[in-house]
Amino acid sequence: MNRFLKFDIVVEALVLLKMWYNDLNVFHKRDLNKYVGALTKLINMVGWPELVEVLTGYWDNERMVFQFETMEITPTIKEIWDEIDTVGTGLERRLRKQESILIPNKPTFEDIINWLGLWKDYAYWAEGTSVSFMNLYVRFGHASFYANYNQEFRVTFREWDWIRPLAFIIALLGTMVFPQGPSLSINTRVIMLAHTLFHGHLNQGQMKYYPIAHVILSDMTSLFQGCNLLFQWWILSHLAKGHGTQQLHTLDDNNSLKVLNDVLFWADLENRKTRGRWA
């Protein structure tokens, strides 16, 4: 019996997703930093599928920990926050009281078309349980795309431009953090999550705001192809403890995660000898 699981995971961002981010202006990116912190830096990371595949063999499903002989480690909410937190998200949390865990529901079709500024008669592509990345990209991925699809929008260009960061985060979360649909399809629950991060969620007559770290941790420990880039960063920070690992929000186009591969190799060899590097 093969000890290690086989599944598809995200290795790097779609080229079109990178192009979309590069086309966003400084005000769009300020909003992204404010509501989702360093998660946008995932588009610069190159993953290591073999690492995830091997480590899943050490996962204890009952105790929800990684078991290495007598040593146990597991991600925590604080560690996830530390990875994605920035000045913008930190200020936003202080300004907005954060509620407890959010379990995103499937939004209604009316919710989706309202949030994205669409006319109902043209929004056939958003009627199911998922939406296509390409359908989002061709409508929001570039500043010129409003003119191509303006008959589908019931909002002005300026209002549409305000929606673009939200649409980008739906695409980012749906393809890189919670990639559960086939052929680049994005579960509409991701739309609910993204909208909640930006605008809050009306609960029993009150607008409430929820953090994303809890949702990421839940997905990370139950579905390893989801959130795998954050998972890799977390595990590398433990394997290479003391080797000067960087914060996630300092990653750049030089693929810093890739550079740590050699660090991991030597740290693992040393760990086998001393068993002293696990945090």
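Three bridges join strand β2 (residues 65-68) to β3, and the two run antiparallel. Strands here are DSSP runs of type E with at least two residues, helices are H or I runs of at least four, and both are numbered from the N terminus. Two strands pair if DSSP finds at least two bridges between them. The model is predicted: local features need pLDDT of at least 70, side-chain atom pairs count only at pLDDT 80 or more, and totals for chains, interfaces and linings use all residues. Residues are numbered from 1 along each chain as its sequence is written, and side-chain values use heavy atoms, without hydrogens and water.

**The sheet.** The open sheet has 3 strands in the order β1-β2-β3, with antiparallel pairing. Its edge strands are β1 (59-60) and β3 (71-73), each pairing on one side only. Phe-66 stands opposite Ile-73 in β3.

**Helix α10.** This helix covers residues 188-199. At the start of α10, a side-chain oxygen of Asn-187 comes within 2.8 Å of the backbone nitrogen of Arg-189. Just after α10, Gly-200 has a positive phi of about 80 degrees.

**Arg-96.** Where does Arg-96 sit? Its place is the loop between α5 (87-95) and α6 (109-116). Arg-96 counts as buried because its relative accessible area is 16%. Its side chain reaches the backbone oxygen of Phe-198 at 3.2 Å.

**Aromatic rings.** The whole structure holds 17 aromatic pairs. Rings of Phe, Tyr and Trp (its six-membered ring) pair if their centres lie within 6.5 Å; planes under 30 degrees apart are stacked, over 60 edge-to-face, and the rest tilted. Two pairs are listed here.

| Pair | Centre to centre | Angle of planes | Type |
|---|---|---|---|
| Trp-20 and Phe-133 | 6.4 Å | 50 degrees | tilted |
| Tyr-146 and Phe-153 | 5.7 Å | 15 degrees | stacked |

Trp-20 lies in helix α1 (residues 15-23) and Phe-133 in helix α7 (residues 133-140), 113 residues apart. Trp-20 is buried at 0% relative accessible area, and Phe-133 is buried at 1%. Tyr-146 and Phe-153 are buried too. One aromatic cluster includes Trp-20, Tyr-21 and Phe-133.

Methods. The expected span of a helix is 1.5 Å times one less than its number of residues. A polar contact is a pair of N or O atoms within 3.5 Å; within protein, one must be able to donate a hydrogen and the other to accept it, and residues adjacent in sequence count only if both atoms are side-chain atoms. Buried means under 20% relative accessible area, exposed over 50%, partly exposed in between (1.4 Å probe, protein chains only).
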